[in-house]
There are 6 protein chains.
Amino acid sequence: MSQFSHLNGNEGVQMVDITEKTPTVRTAVAQSVVFLGSDAFRALINDEVAKGDVLTSAQLAGIMGAKETGRLIPLCHPILINSVNLSFSLDEEAFSVTIKATVNTHANTGVEMEALTAVSVASLTIYDMCKSISKAIRITNIKLISKEGGVHGSYSVSHPHKQPRG
Amino acid sequence: MSQFSHLNGNEGVQMVDITEKTPTVRTAVAQSVVFLGSDAFRALINDEVAKGDVLTSAQLAGIMGAKETGRLIPLCHPILINSVNLSFSLDEEAFSVTIKATVNTHANTGVEMEALTAVSVASLTIYDMCKSISKAIRITNIKLISKEGGVHGSYSVSHPHKQPRG
Amino acid sequence: MSQFSHLNGNEGVQMVDITEKTPTVRTAVAQSVVFLGSDAFRALINDEVAKGDVLTSAQLAGIMGAKETGRLIPLCHPILINSVNLSFSLDEEAFSVTIKATVNTHANTGVEMEALTAVSVASLTIYDMCKSISKAIRITNIKLISKEGGVHGSYSVSHPHKQPRG
Amino acid sequence: MSQFSHLNGNEGVQMVDITEKTPTVRTAVAQSVVFLGSDAFRALINDEVAKGDVLTSAQLAGIMGAKETGRLIPLCHPILINSVNLSFSLDEEAFSVTIKATVNTHANTGVEMEALTAVSVASLTIYDMCKSISKAIRITNIKLISKEGGVHGSYSVSHPHKQPRG
Amino acid sequence: MSQFSHLNGNEGVQMVDITEKTPTVRTAVAQSVVFLGSDAFRALINDEVAKGDVLTSAQLAGIMGAKETGRLIPLCHPILINSVNLSFSLDEEAFSVTIKATVNTHANTGVEMEALTAVSVASLTIYDMCKSISKAIRITNIKLISKEGGVHGSYSVSHPHKQPRG
Amino acid sequence: MSQFSHLNGNEGVQMVDITEKTPTVRTAVAQSVVFLGSDAFRALINDEVAKGDVLTSAQLAGIMGAKETGRLIPLCHPILINSVNLSFSLDEEAFSVTIKATVNTHANTGVEMEALTAVSVASLTIYDMCKSISKAIRITNIKLISKEGGVHGSYSVSHPHKQPRG
């Protein structure tokens, strides 16, 4: 059997069978960082209304994106998400927005792809809404922060602050 | 008027009116980098069949993702894409895959969001197919490389090799 | 905590966590009224084939619309619907069609949004199919009729015949 | 030929052929009214943050809903929308929110269904976000306000203030 | 260059660039045959209401399916369909339903995949609605009947009655 | 009650209520045959890379298509698929590709429509990728091979090799 759970030797790609797995409460937390650059970042923080609109749009897009995960990622299982929560923190020195998404479910497979898709779509939405100010925005450091409830136990990035900056 | 073209002062968010813009041939090129780490990267390059399956899956997911852009990003205009092309280069020292997407259209708005969505969904697909080997995969450096055909002229990252590593 | 379950104080919008809620059999019934006006209404009832086609199209669109609820309404949970049923009654005096949708599920959240979306999409479909005859069609009085099976007990409009006409 | 443009006598339903129609700039404006009742209405206007979040969510959902029109309404043509704009006005006496959507395109068919779908989905989103406070919310008076640019000339509701209340 | 227009040698799959192609009016006609077997076929023709409901459902599903083509078939271009028309003929000797779909557009690529998707989804819908009566239903002979308006000229099945029965 | 489980006498179409059915592990296997003709078939088998790309694309499209079943087929219940697996066998004498799809779930309704949709979408994808070589490709013999786990017991095509060739 292949190390790649979605691959089946010479049989090609497959959606792996999760019938035998037990449904449990599962959580995944993912993160991304959007480097806006100084112009777009300052425009954002200097306009309270704009900031609210951009971040609320990104929140909603991320939540709706999480619900689309099983349709965007070919081999992902469709999952009934129990909750999605996105939060933002602004770094005035790096001119960046860090997005954190937490996804919960009760299912027989995990939700890390849902959390990663949530931060990706939220990041693209911020990019889209700020691109009239700068074309040099970069989305970086999309990664899993932690994961709980699966049969393989919990996973957590040990020293996230030591990760190389995006 | 707001600097943010999607925002309308106290009126909130809007899809900006592109009726007056002239349809032209437009191209956008975007990139992303997926850091697999040594285990997943070596598993990939040591198994020619797996490598083909993973990269073809990412290519298809990226192409299909580009077609979903107007549905994922709340304020994006729906666009008829004329072509999407994704290519991959593997960096054996950084244990990374760099994805480049080129999108063409004939429309009155650009396709940078389509190119960025293509590389994002392709990156998430690689992540999904390699996550049984490593949970520390990171997707970084999602950015626009170049853009042609719009009313504001062309845009190109000047020294992309000098960009900070994702 | 906010009175608005989808809002999280200064944290913005969220999909509320339903992990702790117990899955139960749940039903919701919703209604809408489409005022066609005399021309479109008479055209409809005088042509048995047209009437059948319009109402069957509205039924199917309402059923399919119910299945899309979680994708249309940003903060709705995705739900596996167990059944959807739409019925129509024609009022020859008001030149109107009343649509009733009943949705069932076994889930840890209710299906009122699914029932309301079903009648809304069915109403829009009737509008679309009759709009070549009249542009003054109005869709009104979209509301919940009853709801059963949730943790807060049942809900039922007490005197629906006393409700103001849409 | 049937008076119902989508019906084809005994041949059933069809998407009508618009090949011979000339593409023109077209606009449609539609409206809906959401009666929240006093509790939900007061909760909304007394919490500036909540009000912003609810209305921004409804705006985004309406914009995204407009883009889904061709997929929700079975016989609608797919259309490339050039802009969507939703605005809200709050009536403190009726405890209601009036939603107005304006949609533009350059196409060979009109966008009234897109405008009507936008206000419907925005209304359902407000309902969803306020339903924890009241179950007696009603969505009413969904109708076309005006339409311009089609081959049949313009249409406008003559005395909208004389329309019966939803 | 590969004989397969969607393949790019060792570069993998791509959506081919149609930017240089001229938009023209294009039509495609496709067909499928659903063998119901005697039980399901007789149940269908002996119940006028059921027959109407099944065929109208299949018509609507085929029309809506045609609009989904660009999302279902990975390398298809998104296309604005100008019309879709499905008709049915029942063969009482073969216990079969023949479905014919005609799709029109004005675009720089053809609509054969849209017509083929329309008959496929309509066939699956008939299958679904009759499967409680028989599990031996077969869908066969899905093929292109004719194609007009492309740069390669017209195509038409020469002697369709001589084609082997599905 | 109608023999057609989705029909409700004069009440029209409905999604049947599966609330009372017990969730069980369920499997369905479906098949289709794509007759490519000699030119397209030989082009495929003589180009190992092309063959891999076409079959992998069809596999992914079939898997993603299976996940779309509840949205394409109007009266299908949405289902959480536990696995999808597609395999291909090439017949050098008939110049055909036989596709087999196996779908698993744990649900209170079966997955035959999911398996049939998987082979249909995979077949259409092969058609699309080979249509530049031949316009006479035919998709045939889409049928259920076996079904297990439902309340009516198992079903299996008794002598599949005696079935008429598509």
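Are Glu68(A) and Arg71(C) buried or exposed? I found that Glu68(A) is buried and that Arg71(C) is buried too; buried means under 20% relative accessible area, exposed over 50%, and partly exposed in between, with a 1.4 Å probe and protein chains only.

A note to myself on ground rules: this is a predicted model, where local features need pLDDT of at least 70, side-chain atom pairs count only at pLDDT 80 or more, and totals for chains, interfaces and linings use all residues. Residues are numbered from 1 along each chain as its sequence is written, chains are lettered from A and ligands numbered from 1 in the order in which they are written, and side-chain values use heavy atoms, with hydrogens and water left out.

**Salt bridges**

I searched the whole structure and got 30 salt bridges over all chains (a side-chain nitrogen of Lys or Arg within 4 Å of a carboxyl oxygen of Asp or Glu). One of them links the side chains of Glu68(A) and Arg71(C) at 2.6 Å, N to O. Glu68(A) sits in the loop between helix H2 (48-67) and helix H3 (69-72) of chain A, and Arg71(C) in helix H2 (residues 48-72) of chain C, so this pair joins two chains. Helices here are DSSP runs (H or I, at least four residues), as are strands (E, at least two), numbered from the N terminus.

Next I checked Glu68(F) and Arg71(F), whose side chains form a salt bridge at 2.9 Å, N to O. Glu68(F) counts as buried at 10% relative accessibility, and Arg71(F) is buried at 18%. Shared partners tie Glu68(A), Arg71(A), Glu68(C), Arg71(C), Glu68(F) and Arg71(F) into one network of salt bridges.

**Chains E and F**

How much area do chain E and chain F bury between them? I read about 4,500 Å², 67% of it on carbon and sulfur atoms; buried area is the accessible area (1.4 Å probe) that two parts lose on being put together, summed over both. Across this interface the rule finds zero salt bridges. On the chain E side, H1 (37-45), H2, H3 (112-130) and strand S4 (138-148) each give two or more residues, and H3(E) gives the most, with 12.

**Helix H2 of chain E**

I then followed H2(E), residues 48-72, which bends by about 40° at Ala66(E) (the angle between axes fitted to the seven residues ending there and the seven starting there). Of its 25 residues, 21 are buried, so H2(E) is largely enclosed by the rest of the structure.
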